[in-house]
Amino acid sequence: LNNGSTQDLTQNVTWTSSNEAVAQISNAVGSQGLATGKLGGQTTIMAQYLGVSASTTLTVICPSITLVQYTPFSTCIGTTFSYQFK
């Protein structure tokens, strides 16, 4: 608006991701503008409303495992049984 005020247009714009393998962004009612990371990398998120557009870069960082710890416990497994470790 020309008077310096702001307005939230999140639900009115059309959202796109330049690389949906990295992140998808929703246009569904109730979740407009919600980005979901899929794969580590970068994508450009774009919003368009009445011919005006804006964009920003979204970086998705995949967590890395730094430690796997196993604490043994007493389990007796017979010859006809199995046990699923998790």
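**Close-up views of the predicted model**

**View 1. Trp-15 stands opposite Ala-47 in β4.** The model shown is predicted. In total, four bridges link β1 (residues 14-17) with β4 (residues 41-49), and the pairing is antiparallel.

**View 2. The side chains of β1 alternate between two faces.** Trp-15 and Ser-17 point to one face, and both are buried.

**View 3. Strands β1, β4 and β5 form an open sheet, in the order β1-β4-β5.** The pairing is antiparallel. β1 and β5 stand at the edges with a single partner strand each, so one side of each has no neighbour in the sheet. Neighbouring strands are turned by 20° against each other on average, direction ignored. Strands of a sheet pair through backbone hydrogen bonds, either parallel or antiparallel.

**View 4. β4 and β5 run antiparallel, joined by nine bridges.** Two of the facing pairs can be picked out by residue. Thr-44 has Thr-57 in β5 as its bridge partner. Gln-48 stands opposite Ser-53, also in β5. The two strands form a hairpin with two residues between them.

**View 5. Leu-50 sits in the turn of the β4-β5 hairpin with a positive phi.** The loop that holds Leu-50 runs between β4 and β5 (52-60). Its phi is about 50°, although Leu-50 is not a glycine. Most residues other than glycine have a negative phi. Is Leu-50 buried or exposed? Leu-50 counts as exposed because its relative accessibility is 71%, and the cut-off for exposed is over 50%.

**View 6. Thr-43 is a buried residue of the protein chain, at 3% relative accessibility.** Thr-43 lies in strand β4. Its side chain makes a polar contact with the side chain of Ser-17, at 2.9 Å. A polar contact with the side chain of Ser-18 is also present, at 3.2 Å. Setting aside residues up to four places away in sequence, Thr-43 touches Ser-17, Ser-18, Asn-19, Val-22, Ala-23, Thr-56, Thr-57 and Leu-58. Another, Thr-57, is the bridge partner of Thr-44 in β5.

**View 7. Asn-19 lies in the loop between β1 and β2.** Asn-19 is partly exposed, with a relative accessible area of 29%. Which residues does Asn-19 touch, not counting those up to four places away in sequence? Gln-42 and Thr-43. Gly-41 is 22 residues from Asn-19 in sequence, and their C-alpha atoms are 9.2 Å apart in space.

**View 8. A polar contact of 2.8 Å joins the side chains of Ser-26 and Ser-31.** Ser-26 is found in the loop between β2 (23-25) and β3. The relative accessible area of Ser-26 is 17%, so Ser-26 is buried; the cut-off for buried is under 20%. Beyond residues up to four places away in sequence, Ser-26 touches Trp-15, Ser-31, Gln-32, Gly-33 and Leu-34.

**View 9. The whole chain holds five strands and zero helices.** From the N terminus on, the elements run β-β-β-β-β. Of the 86 residues, 14% count as buried. The chain exposes about 7,300 Å², and carbon and sulfur atoms supply 53% of that. Among contacts with a separation of 6 or more, 27% join residues 24 or more positions apart.

**View 10. Confidence across the protein chain has a mean pLDDT of 84.** A pLDDT of 70 or more is reached by 80% of the residues. Where pLDDT is low, the predicted coordinates should not be read in detail.

Methods
Residues numbered from 1 in each chain as written. Heavy atoms only, no water. Buried < 20%, exposed > 50% of the residue type's maximum accessible area, 1.4 Å probe, protein only. Pairing = 2+ DSSP bridges. pLDDT = per-residue confidence, 0-100. Polar contact = N/O pair within 3.5 Å; in protein donor to acceptor, adjacent residues only side chain to side chain. Contact = heavy atoms within 4.5 Å. Areas by Shrake-Rupley, 256 points an atom, 1.4 Å probe, with all protein chains shown as cover. Axes fitted to C-alpha atoms, helices over the stretch in contact; angles between N-to-C directions.
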